[in-house]
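I opened my notebook next to this structure and jotted down what I looked up. Here are the entries, in the order I made them.

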Amino acid sequence: IGGTLVREGWTTDGSGSTYIWGFLDSEFREGMTRQEAEAVVKEAVALAMSRDGSSGGVARLVTIHSGGADRTLVLPQDIPPMWDELASPGPTGMIV
């Protein structure tokens with residue numbers, strides 16, 4: 001069985017991953033701090049969850065670094081809502 005290894009700046013996988021490719025292309029940049037990278041990942045996961053019916057619940061983030069790995073559990077109330085998940089401020093459209 002063959003295979004290829006390619007070094008990439010970022011990668012993503014899972015049922016919601018195709019929804020966030022463009023977002024990650026636009027937001028990833030070399031040299032981000034750990035906090036910046038985790039914020040991008042948190043928003044990317046929120047975007048995927050808002051579009052993918054198989055994603056949802058909590059997000060489990062694992063940050064791998066030279067000293068090991070840090071795990072973070074992101075609860076639903078800590079995942080930023082998307083614009084279409086926000087409550088409507090009132091009637092919209094034309095009222096006759």
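I began with the lining of the largest pocket, whose residues divide into 17 nonpolar, 12 polar and six charged. For this I counted Ala, Val, Leu, Ile, Met, Phe, Trp, Tyr, Cys and Pro as nonpolar, Asp, Glu, Lys and Arg as charged, and the others, Gly among them, as polar. The model is a predicted one: local features need pLDDT of at least 70 and side-chain atom pairs count only at pLDDT 80 or more, while totals for chains, interfaces and linings use all residues. Residues are numbered from 1 along each chain as its sequence is written, and side-chain values use heavy atoms, with hydrogens and water left out.

Next I noted that 35 residues line this pocket, with Thr11, Ala37, Val41, Leu61 and Val62 nearest its centre. A pocket here is an open set of points on a 1 Å grid over the protein atoms alone, where a 1.4 Å probe fits, with protein on both sides within 12 Å along at least five of seven lines; lining residues have an atom within 4 Å of a point. I wrote down a volume of about 900 Å³ for the largest pocket, a volume being the space filled by probe spheres set on the points, which are joined across faces, edges and corners. H2 and strand S1 (59-65) are the elements that give two or more residues to the lining, and H2 has the largest share, nine residues.

I then read off the fold: two helices and two strands, in the pattern α-α-β-β along the sequence. Both kinds of element are DSSP runs numbered from the N terminus (helices H or I, at least four residues; strands E, at least two).

Which residues make up the largest nonpolar core? I found seven: Ile20, Phe23, Leu24, Met32, Val40, Ala44 and Ala48. Such a core is a set of buried Ala, Val, Leu, Ile, Met, Phe, Trp, Tyr and Cys residues joined through side-chain atoms within 4.5 Å. Helix H1 (21-27) and helix H2 (34-51) each give it two or more residues, and H2 supplies the largest share, three.

My last stop was Ala69, in strand S2 (residues 68-74).

Methods:
Buried < 20%, exposed > 50% of the residue type's maximum accessible area, 1.4 Å probe, protein only.
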